[in-house]
Structure formats: structure tokens, C-alpha cells
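Open the model in your viewer and keep the selection tool handy.

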Amino acid sequence: MLPPYRRLKLACYTTNISMSVVTNLSPILFLTLHHVYDISYSLLGLLVLVNFVTQLAIDLVFSFFSHRFNIARAVVLTPVLTALGLIIYALCPLLFPGRAYLGFVIGTFFFSVSGGLSEVLISPVIAAIPSKDPDREMSKLHSVYAWGVVFVVIFSTIFLRVFGTNSWYMLTLVLTVIPLAAFCLYLGTDIPKMQTPDRVLGVLEFMKNKNLWICFFVIFLGGASEATMTQWSSSFLEQGLGIPKVWGDILGVALFFVMLGTGRTLYAKFGKNITQVLLLGTIGAAICYGMVALCPVAGIGLIFCVLTGFCVSMLWPGSILVASERFPTGGVFIYAMMAAGGDLGASIAPQLVGIVTDAAISNPAALELAQALHLAPEQLGLKLGMLVGALFPLAAIPLYAYIHKARKKS
């Protein structure tokens with residue numbers, strides 16, 4: 001029998017792996033669902049929007065009304081909602097014959113609610129568990145998510161290769177084991193009591209503090225810096241640098257998350273002085289984005305794509321650590337606000353890169369520049385998009401420098 005707190009930690013880690021499943025399952029299955037059910041790419045992309053909007057809504061609800069929820073029950077309910085969403089997603093051709101897309105939307109909604117709850121609640125649970133070094137415990141929690149993504153990508157690729165793409169529903173049902181395991185681990189554990197503002201007015205008092213908004217914007221920029229490379233590295237390596245897609249996915253996307261997990265794992269084991277780590281990480285990320293966009297050598301561009309994962313590894317969890325340290329009485333509200341900031345950055349930045357890329361492809365002046373540089377229009381567009389991506393870590397540098405200086409003084 002595991003000690004209660006160790007069992008609770010394992011439950012939180014497993015919940016975070018479940019989050020890596022629900023975040024990446026739809027993109028992995030996009031091509032399969034497009035061919036099998038004749039669903040347009042725009043409708044498939046809408047599933048990602050449903051995921052984001054739902055998670056952001058949960059973040060905002062808990063930001064203002066966390067005091068009205070039974071936090072312990074919500075934590076235990078989280079993996080149940082994940083499993084329910086995955087089951088609906090897998091069985092939607094049977095549950096909604098002739099209207100499979102409706103089932104995908106409903107399934108996505110349910111596991112997106114669980115994803116939002118995970119972001120808001122699991123970090124404060126870990127923070128509430130007695131520990132000699134809470135910073136390292138938080139980093140360990142977030143490293144599990146990165147390693148979970150690596151597992152999901154590799155396992156899904158092998159599963160679909162062995163059993164065929166038409167077995168996508170079996171893959172989804174198999175992955176349901178992860179949230180069900182998390183639920184079983186939660187049973188019999190005592191979830192520590194977490195602080196919440198007493199009422200909405202208490203939330204408004206927090207929101208008058210400028211330091212809260214500084215923390216909000218740094219995780220906005222940190223989430224943007226991480227998500228832009230996550231979502232665009234595969235396309236950039238294939239179209240921008242001419243690397244075949246299979247190698248772009250394996251060497252680019254998977255290794256990005258390996259480096260992301262490595263950075264968080266190293267901090268969990270050896271880390272200290274989080275504000276200095278954040279400052280150095282965002283400087284490194286800005287350099288990596290610039291090198292990816294400007295370097296003409298495909299191999300070097302690939303290396304800097306991967307290194308970006310290491311540089312941004314602590315920007316999201318580290319920003320949460322700084323905020324929770326600055327507002328120790330904020331409890332769940334602080335974690336909800338930070339989740340909202342990170343989700344907002346992770347949504348806006350990749351969209352902005354896409355807009356810039358499309359605009360460059362259709363702009364006559366950009367087309368002339370592409371011809372002068374001996375680049376295809378899409379190559380130039382993606383390079384300009386990556387330069388726009390570099391603006392987010394660049395903008396974060398003065399904010400992290402301010403936080404680092406203020407922490408040293410205190």
C-alpha cells in the first residue's frame with residue numbers, strides 16, 4: 001500500500017498524462033478522420049478551437065468563483081470526465097450514426113472540461129502537499145506532461161501502423177485506461193485543503209495588484225513561446241527547410257518534447273533560482289527562434305527547433321511558481337488566472353504566425369523578396385512567421401528581468 005501523499009502524487013502525474021492525451025489525440029487523428037468520415041479540415045480545426053475555448057472558460061470560472069466549488073470533488077471528477085469524453089469520442093459512429101462529427105464535438109467538450117480542470121487544480125494540489133522543495137515538485141509535475149506527449153505520439157504511431165488507421169477508435173479506448181487509472185489512484189487519498197478567495201470581491205482585490213498582471217503576461221508570453229514552436233515546427237521543417245514530413249515529425253516534434261521534458265526534469269532534480277532560469281530560458285528561446293527563421297542550413301534549423309524545447313521548458317511552470325510565491329494566499333484563484341494567461345498565449349501566438357504566413361504568401365512585395373532570395377513563397381512566409389514567433393520571448397525578457405531583480409531584492 002502506497003503512502004497517502006505518494007499515491008496522491010501518482011494520481012496527479014497520471015492526470016497530467018491524461019491531459020497530454022486529450023491535447024494531442026485529435027491532431028494525431030485529423031488525417032484519418034478526414035478520410036474515413038469526409039470531415040473537412042476546417043471542421044477538424046474547429047475541434048481544437050472547442051478544446052481551447054472550453055479550457056479557457058473553465059480557467060475563468062475558477063478564477064472568479066473557485067470559492068463556490070468543492071475542490072476535492074472536482075479533482076477526483078477530472079479523470080472521470082476525461083474518460084467519458086474519450087469514450088464518447090471513440091463510440092460516436094455508433095452513438096451518432098450519420099452524424100459522427102457531432103459526437104467528436106461532444107467528446108471533445110467533455111475532455112476539454114477535464115483539461116481545464118487539470119490546469120487549474122492539479123498544480124495547487126501538488127503545491128499543497130508538504131515538501132522540502134515545492135519548486136522541484138512543481139517542475140516534476142509539468143515534466144510528466146511533456147513525457148506524456150512523447151509517449152502518446154510514439155504509442156499512437158505504432159498502434160495505428162500495426163492495427164491500421166481504421167482502428168483509431170480502439171486506440172482511443174485503450175488510452176482511456178490512463179484517466180481511469182488516475183481515478184482509481186485518487187480513491188482512498190485525502191486531498192489537502194486549498195485556499196480560495198472568500199468571495200468575488202476578494203478576487204477583485206487581487207486583480208488590483210499590478211504584480212498579478214505582470215505574472216499573467218509573463219505566462220501569456222511563455223505559453224506563446226512554447227506553443228508556437230510546438231504547433232508550427234512540423235510544417236516549418238517540411239515546407240520551410242525542405243525536411244521530409246516523417247523526419248520533421250519524429251526529429252522535430254517528438255525531440256522538441258523530449259527536450260521540454262528534459263529541461264523540466266533537470267530542474268526538478270537540481271534546479272534553484274527560478275527567476276534566473278526563466279530569464280536565461282527566454283533569452284535562449286529568442287535566439288533559437290531567430291536562428292530557425294534566418295539560418296539557411298536545414299540541419300542547423302532542425303537543431304535550433306529542438307533546442308527551443310529546452311529553452312522554453314520552464315517558462316510555463318516557472319511562471320506559476322513565481323505567481324504562487326508572490327501571492328501565497330491566492331490559492332486556486334492564482335493557478336486559474338495563470339492557466340488562463342498561458343492558454344490565451346498558446347492560442348493567439350500560433351494563430352498570429354499563421355496569419356502572417358498567409359499574408360506573406362499572397363503579398364506581391366513578399367513574392368518578389370522570395371524570388372530574390374531563391375525561396376518558395378511558402379518558405380519565406382513560414383520564415384517570416386517564425387520571426388514573428390521570436391517577438392514573444394523577446395517581449396518576455398524585460399518582464400522576466402524585472403521579476404528576477406524584484407525577487408533578489410526581496
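Start by selecting serine 114, which lies in helix α4; helices here are DSSP runs of H or I with at least four residues, and strands are E runs of at least two, numbered from the N terminus. This is a predicted model, in which local features need pLDDT of at least 70 and side-chain atom pairs count only at pLDDT 80 or more, while totals for chains, interfaces and linings use all residues. Residues are numbered from 1 along each chain as its sequence is written, and side-chain values use heavy atoms, with hydrogens and water left out.

Is serine 114 buried or exposed? With a relative accessible area of 1%, serine 114 is buried (buried means under 20% relative accessible area, exposed over 50%, and partly exposed in between, with a 1.4 Å probe and protein chains only). Now show what serine 114 touches: Thr78, Leu81 and Thr82, leaving out residues up to four places away in sequence. Touching, or contact, means heavy atoms within 4.5 Å.

**Next: α4 with α14**

Select residues 100-128 for α4 and residues 332-362 for α14. Two packed helices are described by the angle between their axes and the distance between the axes. Here the axes come within 8 Å and cross at roughly 135°. Axes are lines fitted to C-alpha atoms, for helices over the stretch in contact, and angles run from 0 to 180 degrees between N-to-C directions. The two helices, α4 and α14, are therefore oblique to each other (under 35 degrees is roughly parallel, over 145 roughly antiparallel, 65 to 115 roughly perpendicular, and the rest oblique).

To see where they meet, colour residues including Leu121, Pro124 and Ala127 in α4, and Tyr335, Ala339 and Asp343 in α14. The residues of this contact of α4 with α14 divide into eight nonpolar, one polar and two charged. Nonpolar covers Ala, Val, Leu, Ile, Met, Phe, Trp, Tyr, Cys and Pro; Asp, Glu, Lys and Arg are charged; the others, Gly among them, are polar.

Asparagine 273 sits in the loop between α10 (245-270) and α11. Although asparagine 273 is not a glycine, it has a positive phi of about 55°. At 33% relative accessibility, asparagine 273 counts as partly exposed.

Now pick threonine 275, which is found in α11 (residues 274-294). Threonine 275 is buried, with a relative accessible area of 1%. Which residues does threonine 275 touch, not counting those up to four places away in sequence? They are Val322, Ile403, His404 and Arg407. Try the distance tool on the C-alpha atoms of threonine 275 and isoleucine 403: they are separated by 6.8 Å, though the residues are 128 apart along the chain.

**Next: α11 with α12**

The contact of α11 with α12 divides into nine nonpolar, four polar and no charged residues.

**Last: the whole chain**

Zoom out. The chain has 16 helices and zero strands, and 55% of its 410 residues count as buried.
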